[in-house]
Amino acid sequence: MVQRPTFDDLSLDAGRRTRLHRMMYEHGPGNGTLMILPIDQGLEHGPIDFLSNPDSEHPLYQFELALKGNFSGIACHIGLAEKYYPKYAGKVPLVLKLNGKTSIVPSDAALSTCTGTVQDAIRLGASAVGYTLFVGSPRQDEDIAQLAAIREEAHAFGIPLIIWAYPRGKFIDEKGGAKSLYAVTYAARVAQEVGADVIKVNFPEGVNEYCPDAYKKMKVSFKDQINHIMRAAGHSLVIFAGGSKGNDDELLGKLNDAMEAGATGVIFGRNMWQRPFDDGLKFAENISQILKKF
Amino acid sequence: MVQRPTFDDLSLDAGRRTRLHRMMYEHGPGNGTLMILPIDQGLEHGPIDFLSNPDSEHPLYQFELALKGNFSGIACHIGLAEKYYPKYAGKVPLVLKLNGKTSIVPSDAALSTCTGTVQDAIRLGASAVGYTLFVGSPRQDEDIAQLAAIREEAHAFGIPLIIWAYPRGKFIDEKGGAKSLYAVTYAARVAQEVGADVIKVNFPEGVNEYCPDAYKKMKVSFKDQINHIMRAAGHSLVIFAGGSKGNDDELLGKLNDAMEAGATGVIFGRNMWQRPFDDGLKFAENISQILKKF
Amino acid sequence: MVQRPTFDDLSLDAGRRTRLHRMMYEHGPGNGTLMILPIDQGLEHGPIDFLSNPDSEHPLYQFELALKGNFSGIACHIGLAEKYYPKYAGKVPLVLKLNGKTSIVPSDAALSTCTGTVQDAIRLGASAVGYTLFVGSPRQDEDIAQLAAIREEAHAFGIPLIIWAYPRGKFIDEKGGAKSLYAVTYAARVAQEVGADVIKVNFPEGVNEYCPDAYKKMKVSFKDQINHIMRAAGHSLVIFAGGSKGNDDELLGKLNDAMEAGATGVIFGRNMWQRPFDDGLKFAENISQILKKF
Amino acid sequence: MVQRPTFDDLSLDAGRRTRLHRMMYEHGPGNGTLMILPIDQGLEHGPIDFLSNPDSEHPLYQFELALKGNFSGIACHIGLAEKYYPKYAGKVPLVLKLNGKTSIVPSDAALSTCTGTVQDAIRLGASAVGYTLFVGSPRQDEDIAQLAAIREEAHAFGIPLIIWAYPRGKFIDEKGGAKSLYAVTYAARVAQEVGADVIKVNFPEGVNEYCPDAYKKMKVSFKDQINHIMRAAGHSLVIFAGGSKGNDDELLGKLNDAMEAGATGVIFGRNMWQRPFDDGLKFAENISQILKKF
Amino acid sequence: MVQRPTFDDLSLDAGRRTRLHRMMYEHGPGNGTLMILPIDQGLEHGPIDFLSNPDSEHPLYQFELALKGNFSGIACHIGLAEKYYPKYAGKVPLVLKLNGKTSIVPSDAALSTCTGTVQDAIRLGASAVGYTLFVGSPRQDEDIAQLAAIREEAHAFGIPLIIWAYPRGKFIDEKGGAKSLYAVTYAARVAQEVGADVIKVNFPEGVNEYCPDAYKKMKVSFKDQINHIMRAAGHSLVIFAGGSKGNDDELLGKLNDAMEAGATGVIFGRNMWQRPFDDGLKFAENISQILKKF
């Protein structure tokens with residue numbers, strides 16, 4: 001099994017050490033794991049995501065949840081950061097998500113352009129910036145170039161870079177889909193190669209007949225898959241997205257397995273706030289308990 | 001019901017406070033509501049809009065209406081601002097509209113590029129800038145990036161940003177159209193996420209069978225719809241466009257309902273000036289009376 | 001008596017809130033007071049300051065003292081920050097001191113030029129920048145201009161500005177000296193006027209015959225003097241320097257009085273490290289106990 | 001037979017002399033030949049390349065191999081360089097690869113965009129930069145322009161430019177394919193013309209009926225082909241890629257022939273690390289022995 | 001006794017590691033010590049320095065001596081670097097001296113302005129830049145600011161900074177002179193505080209009655225003095241200048257003592273080349289033998 005990289009493995013300069021330390025050791029579980037709350041779904045999926053729990057549409061819901069649930073950080077776009085973060089400044093670390101798109105436009109040639117800048121992140125006191133890279137998209141050429149400029153500026157100013165590494169687009173669909181082990185692992189490796197300090201990926205869902213030959217008949221357990229991803233990520237830390245809200249026990253089980261296989265934590269959104277506030281807090285506490293074991 | 005955000009809820013810096021305060025408390029109804037007169041239809045629709053009231057084609061018509069009708073501000077492009085605003089400077093707040101397009105080109109892949117700059121707005125003494133964002137357009141990637149640069153500069157200089165949040169393009173048409181509750185609400189949320197201080201949307205017209213499943217069978221009153229939009233807009237203020245000229249009583253009724261459901265005001269153009277000047281003034285007075293109740 | 005300004009009184013943007021919160025509530029006494037350890041004396045006074053405790057010459061001595069003594073932050077120049085801070089990054093907040101001079105050159109027309117930049121502070125993850133302003137110096141014109149550029153950049157990026165507000169130069173000497181209430185109070189007010197978030201001053205030593213008429217016969221207790229300074233500082237927080245090492249009890253007494261009169265804390269250097277390490281820790285603990293009462 | 005250009009033939013300025021000297025005479029075989037280890041396959045092909053030797057997925061595997069195997073340099077993207085190079089800084093020269101793409105997207109209109117910059121290369125202390133130019137791609141216009149900017153900046157700062165000169169795209173496929181002598185030679189010449197100091201090409205595989213007339217009936221031995229490429233490269237040095245792992249003896253034979261025909265060395269990746277570490281070291285030693293003869 | 005800092009103590013980024021490693025481990029004695037040959041005396045003192053050995057006036061004399069004598073590097077201004085370094089590029093590391101002045105103008109208010117830039121150093125492939133800082137000069141304010149800009153740019157590009165730390169000017173003369181332990185030590189500390197990676201100082205010559213009280217009656221052996229300086233330099237490496245040519249045995253004895261007390265090496269010029277070439281080589285060999293012991 002691959003061991004999670006240590007803080008010192010990460011080759012971080014003083015600024016990134018300071019900012020990542022804040023999220024990994026001063027907030028959240030506090031043991032070097034990460035528990036991040038994302039609230040960019042209003043942009044990515046639209047208000048539809050809030051229908052099942054209307055209170056959750058007000059961003060203060062998530063900011064309050066991040067504070068009370070003792071998250072390592074909250075991730076959002078500039079509009080929410082400017083409006084709601086000031087009240088929470090210092091109390092909850094901020095991850096400024098720098099690019100996004102709506103789900104109205106099909107994602108066969110997906111590219112998320114920028115809503116904010118590294119300088120926005122600096123002036124807000126953010127602890128990291130987030131960037132969605134669509135690996136395998138027909139527009140990945142533009143995406144890689146756009147990311148490179150952000151990576152260069154972020155690292156020049158000591159800001160950690162979290163890459164949402166998402167396989168996406170028609171060529172991914174042809175090769176087994178965005179959740180195949182092949183696609184998730186490739187995305188993780190690309191994120192490492194282009195300079196991610198932390199990589200967000202989805203839980204992999206095995207292999208299938210459309211995957212490249214070397215993968216299609218692979219026999220892999222869930223933990224094998226996670227480990228495969230960890231190898232691809234090297235000295236970038238890996239955190240897992242929860243995706244749409246599912247069964248709690250199953251998700252916690254997956255998380256425990258993933259942590260045993262070398263993951264660093266979670267970035268769960270809908271699983272956190274598509275339920276009553278107090279239930280969300282309890283679920284956050286359950287996640288935190290698991291993370292604290294590692 | 002959602003309450004309209006208070007001025008202090010808006011997390012504004014001193015510059016935006018100063019400028020928005022001017023429109024919200026020193027001009028117009030003066031109670032924190034907004035009544036803005038837009039005159040960009042000559043660019044957006046062409047002189048066709050002035051045929052029913054030829055006098056209205058001269059921009060001084062609208063500037064005079066804005067002054068005499070005690071509007072919170074007048075919104076126009078740089079050409080009109082440079083030519084007609086000097087005489088009204090200080091008397092009517094200016095919203096410099098920064099991007100636009102004609103209706104000659106089909107809007108299935110709409111993008112409005114810039115006619116003016118934030119620096120134009122500063123040197124003219126504008127109280128805000130306006131930007132049209134076509135949410136869901138195939139070119140929303142370019143739109144988001146273009147807006148982000150304007151948002152960054154405007155906010156760096158303390159200039160409030162009003163986003164004309166318009167669902168637009170072929171994918172919107174496929175999902176129920178630009179006036180469906182789904183589309184208007186999504187547009188409002190996107191505007192909030194990318195940094196709008198004020199959001200201009202059209203009155204929603206319910207749901208239909210082409211909307212996403214979660215919406216298509218929704219039973220919603222007009223006020224429910226407005227409220228749904230208010231939730232999507234969070235701590236961005238929402239003002240409603242009037243669209244093409246219609247029945248006055250119906251429009252006033254809608255406005256009253258919208259205000260009860262949390263709106264901040266109106267940005268009515270054709271309904272104001274596609275009628276004799278004095279009638280326009282009277283209608284403005286009617287609008288103002290409603291706004292003053294909230 | 002003047003009350004210490006609250007955190008919310010300070011009119012801070014999100015970035016400064018985040019960074020100052022870190023020093024005021026997450027490190028040091030943690031109750032909104034400040035206990036900062038400065039180690040710039042090697043530049044300002046030379047190695048002569050370390051002769052009485054040779055171990056203290058190695059900057060790791062002060063970094064370790066700041067960590068073990070649970071200080072709110074450590075203040076030093078770029079050379080020390082680049083060499084020693086990385087190991088402490090995240091564990092002790094950094095105040096990057098941006099200007100300095102040696103004591104070899106007489107201070108009758110003192111001006112400290114810059115050793116580092118705001119961008120250095122950002123990339124190192126500093127929680128604040130420090131600047132020495134020589135109020136009253138024949139070169140205060142250059143000083144004010146130099147500071148203004150730093151203040152503008154620091155605040156644009158959300159970095160708190162701590163001003164070492166020192167009356168200095170031949171004209172100060174003619175008017176009662178650098179420690180007179182007149183001079184210290186004037187310096188504090190200037191620092192507030194030019195944009196200090198936090199002001200460092202020396203303990204005042206009353207008035208004398210060379211002070212301006214309005215001061216020279218003033219009857220003021222020590223606490224009256226502190227209060228006088230607090231009024232001059234307004235909504236800038238005030239921290240006191242300890243100066244050369246003196247009597248502990250006397251210094252603790254002064255500190256207690258100053259805190260009662262509205263001070264926010266201390267920035268004591270030589271009093272901390274011109275003694276054996278363990279004694280320094282004990283003294284830090286004594287200081288901390290006093291600060292925690294306020 | 002063409003002679004390999006001498007160091008003085010290369011018309012290098014002082015900076016490029018310094019940096020290339022380091023790779024050619026101070027590391028690797030040390031006699032003016034080059035033996036470079038590339039580790040960008042995780043981005044170019046994905047983790048699939050590591051399946052046959054899972055240990056090789058950790059980039060430290062290649063860095064350690066480059067050190068222990070006494071390579072002239074290691075070539076990788078910014079993400080790996082920032083994470084793993086610091087420990088090897090000074091011990092193994094770095095070639096920062098500046099552009100790349102994944103193999104998920106078809107290569108019929110290939111273009112690799114930039115992951116890093118010349119300034120990244122400078123600040124990391126790299127001895128050269130690498131750039132993939134897809135000669136003949138429908139997007140070669142963009143490629144040439146992108147390269148020109150890099151060439152200009154690299155040479156302005158004395159950084160040698162290594163061009164991965166790859167014939168690619170549908171038009172190449174129509175004209176005999178990427179490995180035909182026609183295509184490889186053309187690519188080498190283009191690389192020389194646009195400013196390569198060193199050119200990486202694949203071993204040519206002769207001619208075929210789809211090649212242009214002048215080539216299709218050419219009778220050429222392997223050494224003739226290499227010589228043909230050398231002539232195309234002029235005073236740019238030529239190094240050969242090994243491609244996917246093949247038969248060792250055959251590869252060493254080809255290398256010996258290529259060196260006799262004027263080549264400068266190799267850039268073998270998969271042939272090095274798709275085998276146990278000690279076997280890789282032995283193979284590196286075999287390569288080195290051959291290079292030292294020239 | 002203070003130990004010489006280890007390479008890892010220096011908190012260097014990858015670029016500075018690479019470049020300093022070259023001088024410390026790949027050239028010169030090769031054991032982490034430094035033996036640098038300066039040839040800037042033609043600017044600083046004029047051709048008068050070459051009168052005793054006319055051959056030495058041709059800069060190729062020093063370049064050849066640096067190569068044959070296996071120095072860690074040669075330090076010179078841009079004019080010599082552009083004219084003579086290309087032939088030695090790669091063979092002898094270059095330290096580009098960035099500022100200087102003549103001895104015609106009195107040095108009571110000394111300031112050396114720049115002859116070259118950090119960008120010159122990069123494009124020449126220099127392994128470090130050199131800067132003369134006149135500590136205590138009436139113009140030290142200008143000096144500190146000029147240096148800070150160079151330090152920031154050099155470190156941003158991974159270029160090590162060597163500070164010629166020279167006490168200078170009328171105030172130094174008043175306080176015991178430029179060679180007093182007080183002055184040399186203070187200069188070393190200032191160099192550390194402003195960001196030197198390596199500090200060049202002169203051998204100290206004890207204390208005298210004009211030094212500050214704390215120094216004037218100090219009883220210190222030569223090794224005590226060196227150690228005192230090492231403490232002031234902290235994690236900056238210290239190399240000693242030889243000054244005007246003196247007695248060889250005495251100089252070697254001093255060097256041996258200095259190395260025992262924590263020095264890193266020498267930067268001897270006139271002692272090297274104010275003698276026949278072969279004698280210079282022999283003396284270099286003697287120095288090297290001493291350095292290799294440490």
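A: What follows covers the salt bridges, pair by pair. This is a predicted model, where local features need pLDDT of at least 70, side-chain atom pairs count only at pLDDT 80 or more, and totals for chains, interfaces and linings use all residues. Residues are numbered from 1 along each chain as its sequence is written, chains are lettered from A and ligands numbered from 1 in the order in which they are written, and side-chain values use heavy atoms, without hydrogens or water.

Side chains of opposite charge can pair when their charged atoms come close. A salt bridge here is a side-chain nitrogen of Lys or Arg within 4 Å of a carboxyl oxygen of Asp or Glu. Over all chains, the structure holds 79 salt bridges.

Start with A:Arg17 and A:Asp8. Their side chains form a salt bridge at 3.1 Å, N to O. A:Arg17 is buried (under 20% relative accessible area; exposed is over 50%, partly exposed in between, with a 1.4 Å probe and protein chains only), at 15%. A:Asp8 is exposed, at 59%.

Next, A:Glu260 meets A:Lys223 at 2.5 Å, N to O. This pair links distant parts of the chain, 37 residues apart: A:Glu260 lies in helix H11 (residues 248-260) and A:Lys223 in helix H10 (residues 222-233) of chain A. Helices (H or I, at least four residues) and strands (E, at least two) are DSSP runs, numbered from the N terminus. A:Glu260 is partly exposed at 38%. A:Lys223 is partly exposed at 24%.

In chain D, D:Asp40 bridges to D:Lys97, with the closest N and O atoms 3.9 Å apart. Both residues are buried.

Finally, a network of salt bridges links A:Asp13, A:Arg16, A:Arg151, A:Asp197, D:Glu82, D:Asp120 and D:Arg123.
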